Amino acid sequence: MNKDFQERIEEWKNFLFIYKFALDEINTKLTILNDEFQFVHQHNPIEHVKSRIKSPESIMSKLQRKGLEVTTENVEKYIKDIAGVRVTCSFTTDIYRIYDMIESQDDIEVLSVKDYVENPKPNGYKSLHLIIEIPVYLSKGPEFVKVEIQIRTIAMDFWASLEHKIYYKFEGEIPGNLSTELKEAADIVHYLDSKMIRIMEEVTEFKEHEKEAELREVGVEK
Ligand code: 0O2
């Protein structure tokens, strides 16, 4: 390997390592919030969390796609998803619960929100995207790091993973019939998510009635 190339790789590694610390912080926060929510409400809003650091190759190609020179300054300024976290949950209502929990953290600043759940993309893509900034405390002081958080249901995630694979297989030019089928599948995802919420609401109502009946039996009126 030539020395210049090796030095550049080292430079990139040093530049990217702070994003790993930001992901560690976010992951810890999400675990605590989820465990606390489970303790208080007996419900886990988060099913899984996946995080990744964008590879130097994809950062470079994203800059090139945007017509920008490959410099660390441009990366810091224009690439907001170097550190990415994907949170999946069971119910659409959990998406906004998780958003509220993140937004209420004093040390997190939500810089932007794209609500593709309320306003899906024309292809049917749904997800709530946040760009947040979190301080990472280094020996020289705090550094503020941007992280992209995508929050979606398991069903939305299933759809998006398949669509992403198809998109890359066809290099962005998905044939018309497949696009139509994908849109139909997105509508089914929407139907499934709404149905799951209705079932969950019925279960909650049933449990409440059961509890009230138990209390009445022992002579306690609510
Ligand atoms: P990858 O390979 O997943 O990292 P920006 O990042 O702001 O410059 P954009 O497109 O305005 O670009 O941001 P947006 O809409 O918030 O989308 C960012 C990410 O959301 C994408 O990252 C995808 O991960 C995901 N995404 C957005 N639209 C779709 C879609 O139609 N289908 C699927 N499957 N995923 C989508 P990258 O960097 O494009 O790709």
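Which N or O atom-bearing side chain lies 2.8 Å from a nitrogen atom of the ligand? In this predicted model, the side chain of K121 places an N or O atom at that distance, 2.8 Å, from a ligand nitrogen. A polar atom in the side chain of K66 is 2.8 Å from a ligand oxygen, and an N or O atom in the side chain of H129 is 2.8 Å from an oxygen atom of the ligand.

The largest pocket of the model has a volume of about 1300 Å³. Its lining comprises 36 residues, with K62, D81, H129, Q150 and H164 nearest the centre. By class, the lining of the largest pocket consists of 15 charged, 11 polar and 10 nonpolar residues. At least two lining residues come from each of the strands β1 (48-53), β2 (83-89), β3 (109-115), β4 (128-138) and β5 (141-153), and from each of the helices α2 and α5 (154-169). The greatest contribution to this lining is that of α5, which supplies six residues.

Helix α2 spans residues 56-65, and its buried residues are I59, K62 and L63. Viewed down the helix axis, these buried residues fall within an arc of 100°, and they therefore line one face of α2. The face turned away from the buried side carries the exposed residues E57, Q64 and R65. Just after α2, G67 adopts a positive phi of about 70°.

The second largest pocket holds about 370 Å³ of space. It is lined by 15 residues, of which H41, H43, R97, M200 and T204 are nearest its centre. The elements giving two or more residues to this lining are the helices α1 (3-41), α4 (92-103) and α6 (176-217). Among the contributors, α6 gives the most, with eight residues. The lining of the second largest pocket has five charged, five polar and five nonpolar residues.

Definitions and conventions: Residues numbered from 1 in each chain as written. Predicted model: local features only at pLDDT ≥ 70, side-chain atom pairs only at ≥ 80, totals over all residues. Heavy atoms only, no water. Buried < 20%, exposed > 50% of the residue type's maximum accessible area, 1.4 Å probe, protein only. Helix = DSSP H or I, 4+ residues; strand = E, 2+ residues; numbered from the N terminus. Arc of directions from axis to C-beta. 1 Å grid on protein atoms, 1.4 Å probe; cavity = no way out; pocket = protein on both sides within 12 Å on 5 of 7 lines; lining within 4 Å. Points joined across faces, edges and corners; volume = space filled by probe spheres on them. Nonpolar A, V, L, I, M, F, W, Y, C, P; charged D, E, K, R; others polar. Polar contact = N/O pair within 3.5 Å; in protein donor to acceptor, adjacent residues only side chain to side chain.
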